[in-house]
Amino acid sequence: MSLSRSPSPNKGGGWSSPGLATNFDNLSGRSTPRKGYGEIQMNGGVDGSDASWANAKRRSDQVNGYPSFSTRNNGFFSRHARQISRSLPSFVKGAEKEKLGRGRWYSKNGSRPGRILGFLGRTIWRLRLRLLVVISFILAIIIFYVTPMHRAYRKASMLGGGSKFVIILAANQGGGVMEWKGPREWAIERDSVKNKKKYAKKWGYNLEIVDMSTKKRYAHEWRESWEKVDTIRNCMRKYPQAQWFWWLDLNTFVMEPSYSLQKQVFNNLAANTYRDINIYNPLHIAHPFNNSQLDPDSLSPVGDGKPSSIDLIIPQDCAGFNLGSFFIRRSTWTDRLLDIWWDPVGYEQKHMEWEHKEQDALEHLYINQPWIRSHTAFIPQRKINSFPAGACGENGEDPRIHYKEADRDFVVNMAGCEWGRDCWGEMYNFRELSNKLNRTLWEKFKDGISDRIKAMKAKPEKEEGKS
């Protein structure tokens with residue numbers, strides 16, 4: 001090989017550094033001049049030289065284990081990498097700015113709305129996990145109340161506890177034993193039944209609608225309205241898992257369906273009831289007994305004082321006990337009471353004296369039987385049985401008895417409306433009042449707009465009438 005064109009500064013070619021000088025005379029150009037791993041001499045540099053550069057390179061080859069033959073630019077991408085990179089589009093700042101906004105919004109020249117939206121976007125992105133938790137919680141609440149899940153929850157005995165309560169409504173759908181009903185009576189019954197169904201469905205309570213027209217076995221002895229005692233006993237057999245039974249007369253209306261029985265009465269039974277009848281005693285019953293032979297509970301005005309011993313909850317109106325709305329609990333004591341209360345012997349002996357029938361019979365038992373008092377509690381009338389102004393109104397309105405709209409009383413009972421009052425008129429008025437008081441925000445908004453429009457239309461008419 002001629003070294004006439006060699007770039008070496010030495011005459012004849014070659015390098016002054018022994019480590020760079022080569023002794024290869026036959027180089028075909030097809031093989032690498034680098035020595036193989038096995039050809040490296042372990043006792044010195046290349047060709048016996050001890051140059052530091054060669055020793056360093058030799059040690060590097062030994063550590064890295066490079067192969068003796070290394071291909072370069074043999075792959076397609078390796079050979080054409082620069083051409084491929086040049087053919088790709090380049091993103092230069094400021095290039096074709098007019099195309100960046102196509103199909104999407106972007107902040108033009110840093111405008112104020114753009115900065116605000118950018119800030120909101122960055123904030124939402126930072127808080128994305130928290131927002132996800134909040135949105136999931138809101139969706140869970142919506143699904144819970146839109147679907148029947150909330151009713152199943154309220155009905156479950158281990159959760160809402162609705163299955164522990166039974167509402168008993170005497171529908172008297174066939175006209176009863178005493179008389180047949182007219183259109184107004186049918187309308188009263190329809191509104192009352194619908195009201196109870198809606199309330200029971202909302203809170204998961206059991207509803208037993210009793211058709212009194214089928215109770216013909218009471219007709220031969222003129223014992224209508226006594227059937228509620230027998231009906232309660234039958235309901236206890238039908239609902240063996242229930243604990244409390246709520247009797248409601250047909251002329252009652254639940255004014256506040258958002259009140260549950262648990263919250264209204266049973267969550268704090270001791271505070272919502274009283275055992276000593278002397279707190280409100282329209283019948284002037286002597287209480288407690290003064291017989292020294294009785295047990296301490298019978299001699300105490302409050303019995304044993306424990307809410308767990310209450311088995312009967314009764315409101316009192318101006319005339320005494322009122323059984324248009326009362327509670328009774330399943331117990332051995334209750335079974336005994338119902339048997340004695342329904343006893344035909346007592347009925348035959350006293351029914352001519354008892355004007356209010358089964359109500360007077362219970363008062364008689366309370367007055368004369370010490371064991372009745374120790375398990376009986378009373379509840380303020382307006383808690384579960386408010387009266388309209390026409391009932392017990394001989395002495396004017398009584399704040400302990402009569403319904404107060406401002407206090408949002410729970411239930412109203414049109415007691416005695418069939419004697420000289422308009423039952424349908426009272427039922428209609430209280431139904432409309434209940435709908436008004438329990439409107440949603442959207443319904444209030446619509447009604448407000450409607451009232452304003454009506455007022456605007458009525459104003460010109462009044463001015464024309466004056467002129």
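1. Where is the place of histidine 287? Histidine 287 is in the loop between helix H9 (269-272) and helix H10 (296-299). Helices (H or I, at least four residues) and strands (E, at least two) are DSSP runs, numbered from the N terminus.

2. A word on the basis of this note. This is a predicted model, in which local features need pLDDT of at least 70 and side-chain atom pairs count only at pLDDT 80 or more, while totals for chains, interfaces and linings use all residues. Residues are numbered from 1 along each chain as its sequence is written, and side-chain values use heavy atoms, with hydrogens and water left out.

3. Now the overall picture. The protein has 17 helices and nine strands. Of its 467 residues, 36% are buried. Buried means under 20% relative accessible area, exposed over 50%, and partly exposed in between (1.4 Å probe, protein chains only). Among contacts with a separation of 6 or more, 69% join residues 24 or more positions apart. A contact means heavy atoms within 4.5 Å.

4. Back to histidine 287. Is histidine 287 buried or exposed? Histidine 287 counts as buried, because its relative accessibility is 11%. Leaving aside residues up to four places away in sequence, histidine 287 touches Arg275, Asp276, Ile277, Asn278, Ser300, Pro301, Tyr366 and Arg373. Its side chain makes a polar contact with the side chain of arginine 373, at 3.0 Å. A polar contact is a pair of N or O atoms within 3.5 Å; within protein, one must be able to donate a hydrogen and the other to accept it, and residues adjacent in sequence count only if both atoms are side-chain atoms.

5. Arginine 373 also meets rings. Its charged end sits over the ring of phenylalanine 289, 3.9 Å from the centre. Arginine 373 lies over the face of tyrosine 366 too, at 5.1 Å from the ring centre. The rule is that NZ of Lys or CZ of Arg is within 6 Å of the ring centre and within 35 degrees of the ring normal.

6. Next, aromatic pairs. The whole structure holds 18 of them. Rings of Phe, Tyr and Trp (its six-membered ring) pair if their centres lie within 6.5 Å; planes under 30 degrees apart count as stacked, over 60 as edge-to-face and the rest as tilted. Tryptophan 244 and phenylalanine 266 have ring centres 4.8 Å apart and planes at 45 degrees, so this pair is tilted. Tryptophan 244 lies in strand E3 (residues 244-248) and phenylalanine 266 in the loop between helix H8 (261-264) and H9, so the pair ties together parts 22 residues apart in sequence. Both tryptophan 244 and phenylalanine 266 are buried.

7. A second pair is tyrosine 259 with phenylalanine 410. The ring centres are 6.0 Å apart and the planes are at 35 degrees, so the pair is tilted. Tyrosine 259 is in the loop between strand E4 (252-254) and H8, and phenylalanine 410 is in the loop between helix H15 (381-384) and strand E9 (411-413), 151 residues apart. Tyrosine 259 is partly exposed, at 24% relative accessible area. Phenylalanine 410 counts as buried, at 1%. Both residues belong to one aromatic cluster, whose members include Trp244 and Phe266.

8. Last, lysine 194. Lysine 194 is in helix H6 (residues 183-203). Lysine 194 counts as exposed, because its relative accessibility is 61%.
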